[in-house]
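Subject: Structure handover

Hello,

Here is the structure I said I would pass on. My notes on what was found in it follow below.

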Amino acid sequence: MSDLIEKYNNSIIQHGKENNRVYLIKLDSFSPAKTVDYIMNLALKNSYSKIFAKIPSKFKELFYNNVFIKEAFIFQFYKGKEDCLFLAKYLTEERKEFHNK
């Protein structure tokens, strides 16, 4: 059973039980708050243990306000001008503990 890849507005999202997570591959810059709500609801509905997001740095506050933490950073990833952040939100203590080991 492999994970699904779907579009929400113009965002691209991968999710499924194989990785037990939602992965926001591409964020639609026209409705980022709706996309955050969508991926959080998707994770809760499917009992996934993690949400992982790759986003332009200009949206970091939206994600930080929703309790995402930074896992990685790529300088000027987007067209050589804007930084990229890889963020995570752990939805179970077990997944969070596994990450910290």
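Glutamate 6 stands opposite isoleucine 13 in β2. This is a predicted model, so please read all of the notes with that in mind. In the pairing of these two strands, isoleucine 5 has glutamine 14 of β2 as its bridge partner. β1 and β2, the latter made of residues 11-16, run antiparallel to each other and are joined over 5 bridges. The hairpin that they form has 2 residues between the strands, and asparagine 9 there takes a positive phi near 55°.

On its other pairing, β2 meets β3, again in the antiparallel sense and over 5 bridges. Glycine 16 has arginine 21 in β3 as its bridge partner. These two strands also make a hairpin, with 4 residues between them, and asparagine 20 in the turn has a positive phi of about 55°. As for burial, β2 is mostly covered, with 5 of its 6 residues buried.

The sheet as a whole

How many strands does the open sheet have, and in what order? There are 6, in the order β1-β2-β3-β4-β6-β5, and the pairing is mixed. The edges are taken by β1 (4-8) and β5 (69-78); each has a single partner strand, so one side of each is left without a neighbour in the sheet. From one strand to the next, the twist averages 20°.

Helix α1

The 15 residues of α1 should span 21 Å at 1.5 Å a residue, and the C-alpha atoms at its ends are 21 Å apart, which agrees. Which residues of α1 are buried? They are Pro32, Thr35, Val36, Ile39, Met40, Leu42 and Ala43. These residues cover an arc of only 155° around the axis, which puts them on the same side of α1. The face turned away from that buried side carries the exposed residues Lys34, Asn41, Leu44 and Lys45. The buried residues of α1 pack against several elements: β1, β2, β3, β4, α2 (60-64) and β6. Just after the helix, serine 47 takes a positive phi of about 55°.

In soluble globular proteins, nonpolar side chains tend to be buried together. In this model, the largest nonpolar core has 18 residues, and those with the most contacts inside it are Val22, Leu24, Ile39, Ile51, Ile55, Phe63 and Phe68. Two or more residues of this core come from each of β3 (21-26), α1 (32-46), β4 (50-56) and β6 (82-90). The element that gives the most is α1, with 5 residues.

What does valine 22 contact, leaving aside its neighbours within four places in sequence? The list is Ile13, Gln14, His15, Ile39, Leu42, Ala43, Tyr48, Lys50, Ile51 and Phe52. There is also a second, separate core of 6 residues, and Tyr23, Phe52, Phe86 and Tyr90 are among them.

Lysine 70 lies in strand β5. Not counting residues up to four places away in sequence, lysine 70 touches Tyr64, Leu85, Phe86 and Leu87. Lysine 70 and lysine 60 are 10 residues apart along the chain, and their C-alpha atoms are separated by 9.1 Å.

Serine 57 is in the loop between β4 and α2. With residues up to four places away in sequence again not counted, serine 57 touches Glu82, Asp83 and Leu85. Between serine 57 and isoleucine 13, which are 44 residues apart along the chain, the C-alpha separation is 18 Å.

Serine 2 is found in the segment before β1. Is serine 2 buried or exposed? Serine 2 has a relative accessible area of 56%, and exposed means over 50%, so serine 2 is exposed. Serine 2 and lysine 58 are 56 residues apart in sequence and 32 Å apart in space, taken from C-alpha to C-alpha.

Regards

Notes: Residues numbered from 1 in each chain as written. Predicted model: local features only at pLDDT ≥ 70, side-chain atom pairs only at ≥ 80, totals over all residues. Heavy atoms only, no water. Core = buried A, V, L, I, M, F, W, Y, C linked by side-chain atoms within 4.5 Å. Buried < 20%, exposed > 50% of the residue type's maximum accessible area, 1.4 Å probe, protein only. Contact = heavy atoms within 4.5 Å. Pairing = 2+ DSSP bridges. Axes fitted to C-alpha atoms, helices over the stretch in contact; angles between N-to-C directions. Expected span 1.5 Å × (residues − 1). Arc of directions from axis to C-beta.
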